[in-house]
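Work through the exercises below with the sequence and the model side by side. Try each task before reading its solution.

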Amino acid sequence: MSSETDHHLGEAVAARIERRWATLSIVIVGLLVGMATFIGIHQATMPQGRVEIANPKTLHLSGEFVESNLGTAVEADGSVVVRAIGQQYSFTPQCIVVPAETPVTLRATSADVVHGLLIEGTNINTMLVPGYVSELPIRFKKPGEHVMPCQEFCGIGHQGMWGKVKVVEKAAFSNMMASRRRTSCVD
Ligand code: CUA
């Protein structure tokens with residue numbers, strides 16, 4: 001075999017190996033893109049592991065979110081639960097009262113379109129989606145007042161959609177609840 005042929009052979013082998021690696025890296029990139037796409041679409045289209053539904057059309061008629069059941073309540077097990085709804089263009093109740101230094105569960109939904117619920121000065125920020133119940137644990141360190149604007153554009157009245165959260169001392173809250181099942185600070 002001449003050195004010329006050897007040289008050509010070497011080149012051919014090198015080119016083949018190079019092509020193989022190029023193909024492999026394209027396959028790897030393709031695989032990663034595929035995985036990212038799948039995960040993204042899966043997360044965006046699949047509901048959360050645990051979803052609760054609430055029909056926005058019958059909220060006011062029956063079930064957990066009827067008007068008389070909204071506000072802050074101490075449940076039978078002693079836990080504090082706030083129930084609220086968002087609708088164009090207000091929250092009900094307009095003013096939520098909660099005890100300080102107490103774990104509170106916020107449960108809320110929307111009666112019409114998607115609203116946002118943000119409590120200023122905290123990291124509490126959730127969406128109220130018609131048809132679904134948004135639940136999140138909240139806890140306030142000290143008494144005070146927080147404004148609660150709607151943070152999701154929901155129509156022409158969006159700018160005026162505000163609520164308020166009033167955090168009171170634990171003892172004051174117990175006193176308030178001594179004589180009733182449910183409370184709010186709407187006057
Ligand atoms: Cu409700 Cu913006």
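**Exercise 1.** Which residues does Arg 107 touch, not counting residues up to four places away in sequence?

*Solution.* This is a predicted model, in which local features need pLDDT of at least 70 and side-chain atom pairs count only at pLDDT 80 or more, while totals for chains, interfaces and linings use all residues. Residues are numbered from 1 along each chain as its sequence is written, and side-chain values use heavy atoms, with hydrogens and water left out.

Step 1. List the contacts (heavy atoms within 4.5 Å). Arg 107 touches Glu 52, Glu 64, Phe 65, Val 81, Val 82, Arg 83, Ala 84, Val 133, Ser 134 and Glu 135.

Step 2. Look at two of these partners. The side chains of Arg 107 and Glu 64 are joined by a polar contact of 2.6 Å (a pair of N or O atoms within 3.5 Å; within protein, one must be able to donate a hydrogen and the other to accept it, and residues adjacent in sequence count only if both atoms are side-chain atoms). Val 82 is 25 residues from Arg 107 along the chain, with 6.0 Å between the C-alpha atoms.

Step 3. Classify the residue. Arg 107 has a relative accessible area of 9% and is therefore buried (buried means under 20% relative accessible area, exposed over 50%, partly exposed in between, with a 1.4 Å probe and protein chains only).

**Exercise 2.** Is Ser 134 buried or exposed, and which backbone oxygen does its side chain reach?

*Solution.* Step 1. Ser 134 lies in strand β10.

Step 1. Its relative accessibility is 12%, so Ser 134 counts as buried.

Step 2. The side chain of Ser 134 reaches the backbone oxygen of Met 127 at 2.6 Å. Beyond four places in sequence, Ser 134 also touches residues including Leu 106, Arg 107 and Thr 126.

**Exercise 3.** Which members of the largest nonpolar core touch the most other members?

*Solution.* Step 1. Recall the term: a nonpolar core is a set of buried Ala, Val, Leu, Ile, Met, Phe, Trp, Tyr and Cys residues joined through side-chain atoms within 4.5 Å.

Step 1. The core has 29 residues, and Val 98, Leu 117, Phe 140 and Val 165 touch the most other members.

Step 2. Find the suppliers. Among the elements that each supply at least two residues are β3 (80–87), β5 (95–99) and α2 (170–178). With four residues, β5 gives the most.

**Exercise 4.** Where does Gln 151 lie, and which side chain does a polar contact of 2.3 Å join to that of Gln 151?

*Solution.* Step 1. Gln 151 lies in the loop between β11 (144–149) and β12.

Step 1. Gln 151 is partly exposed because its relative accessible area is 28%.

Step 2. The polar contact of 2.3 Å is with the side chain of Asn 125.

Step 3. Leu 117 is 34 residues from Gln 151 in sequence, with a C-alpha to C-alpha separation of 6.2 Å.
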